[in-house]
Amino acid sequence: MNYDIIVVGAGASGFSAAISAARCGARVLVLEKLKKAGTKLYATGNGNANVSNTHMDAASCFDSCEKDASDFLGELFGSKRADEQVRAFLATLGVSLVDRNGYLYPASRQASTVVWSLLDEARRLSVEIKTGCSVTSVRREDEGDRPIYKVETEAGDIYCGTHLILACGGAATPKLGGSKDGYLLARALGHSICEPSPALCPLIVKDKEYFSLLKGVRARAKATAYDRDGNLLRCEEGEVQFTDSGLSGIVIFNMSYPVPNRISLDLLHGISVMPDMVSLREQFSGRTLIALLNGYMNDKLSEFIVRNSGYERSTGVSEVEDSELAGLFETARHLTFDLSKADSFDHAQVTAGGVLLSEVDASTMESRINPGLYITGELLDVHGICGGYNLTLAFLSGIAAGCAAGGGI
Ligand SMILES: Cc1cc2nc3c(=O)[nH]c(=O)nc-3n(C[C@H](O)[C@H](O)[C@H](O)COP(=O)(O)OP(=O)(O)OC[C@H]3O[C@@H](n4cnc5c(N)ncnc54)[C@H](O)[C@@H]3O)c2cc1C
């Protein structure tokens, strides 16, 4: 079966590539291994789909293991704002966006709106979408000076295309389609892969006594991440969530790559006037240390700080010196956790690593190794922080690939 363009993966980048190519008149086939197209998209932004962000630009908040991603993204985004390009593309599908402090969502606040609009447009353009169709191998067989890509599925079907777009995403969240297939397919076509690792995920703390006390606690804090030499990696304020084994929440997700050595939480960040220890002791001499600290933070956090500082649950304010009391408040300002690793791909929103950026033309997403091959979205060695950065990357790289491939037929 012959097509102009075969797209592997029906996620954000695969859909935008297929639609852009079909709008150029190309005959497009999309192969998706899951039963449902757009499975991950439905889950984005807690079901609201945070599709872009007005604060993003090529220079901000993107990581890549090979080199600074900003040149690559500068070329991909071009002279127009990235969020405006996403807005314009989605508008062509009938999806209008609302702005919540720079975070852009569909006006319906439903991720399904985005998926259904992509599906409707793909159908209108006669894009063929085969779901439940896992691609197991790809190879290039040139006919004269024209490359032909032969794509084989698990069922043994073979499809041929003059252009191939690998939009298989990364390894994050396998239950939503994440897999390492894309890396294997790209490698089979001669590409190099920067080792994939989980990103935008919880961080696991090294054993800390009493940590289990904190499971389920959510606290506002200013979090600061440091590398093993004590250098500052990132500082951000927001809600930190405590799990049975580590730290989670958007603030922590944004610090999860590269994995910091240590994170320090200032739990008193939002408190404008700090108490005087002498008057605290006088006023609350009949209370426990835990009860006293609970006036400033969640009770489990106050218990954790008191117990980790070597006091009993029942230790009273009158039993400690002013300096010891001050020490507890100091700990609350710098509650430090040593980290052992990032959580697994099961709990990661994106993948760090992927196909090296130097092997792909940033304006078209065309492989520098194989003409007619395009690589898009999370499969590439670039990812951004939470807030619409990754969907923007997926949409814009998909559009660039679809337009270039479709324009070349
Ligand atoms: C829970 C969650 C919430 C998120 N929320 C946001 C958010 O609000 N905003 C944001 O910007 N980003 C968000 N992200 C990240 C964002 O969803 C991804 O970065 C983006 O979807 C990547 O798009 P993609 O097209 O490259 O890959 P994907 O969307 O992962 O699509 C790849 C597709 O390829 C298919 N595939 C893989 N291998 C094969 C194969 N061998 N054969 C056929 N098909 C294959 C997969 O099944 C999948 O459907 C979130 C991620 C998760 C997990």
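**A walk through the model**

Analyst: Let's start with one detail. Thr 224 has Ser 264 in strand S16 as its bridge partner. Keep in mind that this is a predicted model.

User: Which strand is joined to S16 there, and by how many bridges?
Analyst: Strand S13, residues 218-226, is joined to S16, residues 262-266, by five bridges. The two run antiparallel.

User: What do S13 and S16 belong to?
Analyst: A closed barrel of six strands. The order is S12-S15-S14-S13-S16-S17, and the pairing is antiparallel. On average, neighbouring strands of this sheet are turned by 45 degrees against each other, direction ignored.

User: Zooming out. How many helices and strands does the protein have?
Analyst: Twelve helices and 20 strands. The C-alpha trace spans about 90 × 40 × 35 Å along its principal axes.

User: And what are the domains?
Analyst: Domain 1 covers 2-199 + 347-407, and domain 2 covers 203-342. Their centres, taken over C-alpha atoms, are separated by 41 Å. Eight residues from domain 1 and six residues from domain 2 make up the contact.

User: Which strand gives the most on the domain 1 side?
Analyst: Strand S11, residues 193-199. It gives three residues to the side that touches domain 2.

User: New topic. How many residues are in the largest nonpolar core?
Analyst: 127 residues. Among those with the most contacts inside it are Ile 6, Val 8, Val 28 and Leu 166. Helix H12, residues 389-407, supplies the largest share of this core, with eleven residues.

User: Why does the core lie between the domains?
Analyst: Because domain 1 and domain 2 both give residues to it.

User: What does Val 28 touch?
Analyst: Leaving out residues up to four places away in sequence, its contacts include Tyr 3, Ile 5, Ala 18 and Val 127.

User: What share of the whole protein counts as buried?
Analyst: 48% of the 409 residues. As for contacts between residues at least 6 apart in sequence, 74% join residues at least 24 apart.

Key. Residues are numbered from 1 along each chain as its sequence is written. This is a predicted model: local features need pLDDT of at least 70, side-chain atom pairs count only at pLDDT 80 or more; totals for chains, interfaces and linings use all residues. A nonpolar core is a set of buried Ala, Val, Leu, Ile, Met, Phe, Trp, Tyr and Cys residues joined through C-beta atoms within 7 Å. A residue is buried if 20 or more other C-beta atoms lie within 10 Å of its own, exposed if 12 or fewer, and partly exposed in between; C-beta atoms are placed from the backbone. Helices (H or I, at least four residues) and strands (E, at least two) are DSSP runs, numbered from the N terminus. Domain bounds come from an automatic or database domain assignment. Two residues are in contact if their C-beta atoms, placed from the backbone, lie within 7 Å. Two strands pair if DSSP finds at least two bridges between them. Axes are lines fitted to C-alpha atoms, for helices over the stretch in contact, and angles run from 0 to 180 degrees between N-to-C directions.
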